[in-house]
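Please take me through this model in the viewer, stop by stop, telling me what to select next and what is to be found there.

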Amino acid sequence: MVSAKIESSTSNGLLIVVSQGQSRSPEKRSLEDSIATIAASLPNTTSLVVPHLYDLASDSQSVLKMREWSGPIAILSWLFDRAGFWVLDRHEIRGQHGEVQLLNLDLVNDDDDEAEDKEDEKAADRVANIAIRPSRKIYSIDMRAGSSGEVFAAEFRRILLAEQLDAPKKDLLSLDRFLNPTNSTALSMDGSGRLDGNASAPASHESPLGIVPLRMDEHPQRRWYPVIDYSRCTNCMECIDFCLFGVYGVDRGETILVEQPDNCRKGCPACSRVCPENAIMFPQHKTPAIAGAPVDAGGFKIDLSKLFGAPERDEDPAEAAARERNEQLILAGRAAVDFSPATATLEAVAPKQERKPDELDSLLDQLDALDL
Amino acid sequence: MSESLTFMMGDFAAEFPTDRLYAKNHMWAIPKDSQIVRFGFSAYAVRLLQDIYFLEFGIEEQAELKSRQEFGNIESKKAESGLYAPMTGKVVRINGQLLNDPSGINVDKYGEGWLMEMQGDASEMLSPPQYLEHLAKAWDVAQRTIKGQANTIDSNEE
């Protein structure tokens, strides 16, 4: 049945993007495949499989494809949901936070009232409240939140309902053009580069394109760079002052941006530690607080670093940042710089984690004592 | 294969060839010519990690590292860890095979699964009997640490 009227803003339904993991984990691959297949089979959805979101270049085919989509997007990645959202934002695939109910239980934290109060005070200063993102929703889902495709299918159905896309009315023609652009049905863009959803030609129901996931055949190199959460960033410029590798810049509106991501030193998370608002994420860092987890979040895998010789680190974030920056300066053949704890930066640093020591902490203290 | 010493990690017998030295951070070390030392993961490390899926060096060859400086990451099915320099010195060679397929460590940890070669002073490396003494101290705490963290992992996978 061809539906009579299709609203342009939602005519393409929900784009479900599965961002593949970097590692060769067969479990991850199998979950990705099952999510992408289920996503393709739901009404009003298009299923797209891309390489790891974070590694994509801004002019890669995968990013260009996602940019064409003007409607809501669900992005599934092996990243914290906040990181997934802001990596997309960095690629100029922007929208408002869509509420996701499928969360990793490890990350649910029920005593952050204080943090929310603080946020309210500063709401007016946040970059995202000044540079308003488009109204379409982006639902960022951490694939670590579930272990079977069905769990994700239930979440997709909930999102489709919330977007009023639960009735079967796929506009197969514009979908077909999204999935398989050719010269004759090339994507038509409006002024802002969005897909023109006002297709009027009759749609075919036999198109298999909506049933199987579209896979982007790209193999990007691994990258390492900071990702800014503009819902936290207050444009204070601490990061641009701190980084000595020229990663940061400002746009024409004087807003901070990650201008030269590939200048960033692999493994170095130092600028994230000096950010007073915890707005800078390194999605691949093994410390959840730096990778974009909510404060107080737990890890997902056993961290053996203490057993494998990680130095004892009884330093505050500013000292850690200065040490890491110096390590990178030396690796880059440059001179280390002095760091005085009396600098203004130190005062601006909020503790990454404030919690009472637990049993594990005391175990780890014993590890330190052992001089492993 | 040369002779080896055995350390029991629970029911698992970890073997440590006596033809080489060991670093406290659970790497084996074979001194070669002119202060070059080849490093790889010991059976103890590989047993804790189990199936390795991901290995990343944050440095390139010729990088100068201080002892215990973090230089990369390793991730397995159940665990992850930073990689820490076993001694102070220059990294002269990285095993590129592992970058394509880190499971080479699981397949042949004492041979083809070597990690890197460094140039520096290896005088702090332990002899096999010294390393076993070190393991006896480390194992008890390691078990409790893993158990403490593993509880979180299990509830997460429900």
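Gly104(B) is found in helix α3 (residues 104-107) of chain B, where helices (H or I, at least four residues) and strands (E, at least two) are DSSP runs numbered from the N terminus. Leaving aside neighbours within four places in sequence, Gly104(B) is in contact (C-beta atoms, placed from the backbone, within 7 Å) with Gln97(B), Leu98(B), Glu112(B) and Gly113(B). A C-alpha to C-alpha distance drawn from Gly104(B) to Trp114(B), 10 residues apart in sequence, comes to 8.6 Å.

Before going on, note that this is a predicted model, in which local features need pLDDT of at least 70 and side-chain atom pairs count only at pLDDT 80 or more, while totals for chains, interfaces and linings use all residues. Residues are numbered from 1 along each chain as its sequence is written, and chains are lettered from A and ligands numbered from 1 in the order in which they are written.

Staying in chain B, select the open sheet of 6 strands, whose order is β3-β4-β5-β11-β10-β7 with antiparallel pairing; two strands pair if DSSP finds at least two bridges between them. At its edges are β3 (21-22) and β7 (64-65) of chain B, each of which pairs on one side only. The hairpin of β3(B) and β4(B) has 4 residues between the strands, and His26(B) in the turn shows a positive phi of about 70°.

Next, follow strand β4 (residues 27-31) of chain B to strand β5 (residues 36-41) of chain B, to which it is joined by 5 bridges in the antiparallel sense. Trp28(B) has Gly40(B) as its bridge partner in β5(B), and Ile30(B) has Arg38(B). In this hairpin of β4(B) and β5(B), again with 4 residues between the strands, Ser34(B) takes a positive phi near 35°.

Now move to chain A and select strand β5 (residues 137-142), which is largely enclosed by the rest of the structure, since 5 of its 6 residues are buried. Strand β3 (residues 73-77) of chain A runs parallel to β5(A) and is joined to it by 5 bridges, with Ser77(A) partnered by Asp142(A). Strand β4 (residues 96-97) of chain A also pairs with β5(A) in the parallel sense, over 2 bridges, and His97(A) stands opposite Ile138(A).

Helix α3 (residues 81-90) of chain A is mostly covered, with 10 of its 10 residues buried. Just after α3(A), Glu92(A) takes a positive phi of about 60°.

Finally, select Val17(A) and Ala74(A), which touch the most other members among the 71 residues of the largest nonpolar core, a nonpolar core being a set of buried Ala, Val, Leu, Ile, Met, Phe, Trp, Tyr and Cys residues joined through C-beta atoms within 7 Å. Helix α1 (residues 26-41) of chain A gives this core its largest share, 6 residues. Apart from this core lies another, of 50 residues, including Ile302(A), Val37(B), Val46(B) and Tyr131(B).

How values were computed:
Buried ≥ 20, exposed ≤ 12 C-beta atoms within 10 Å, placed from the backbone. Contact = placed C-beta atoms within 7 Å.
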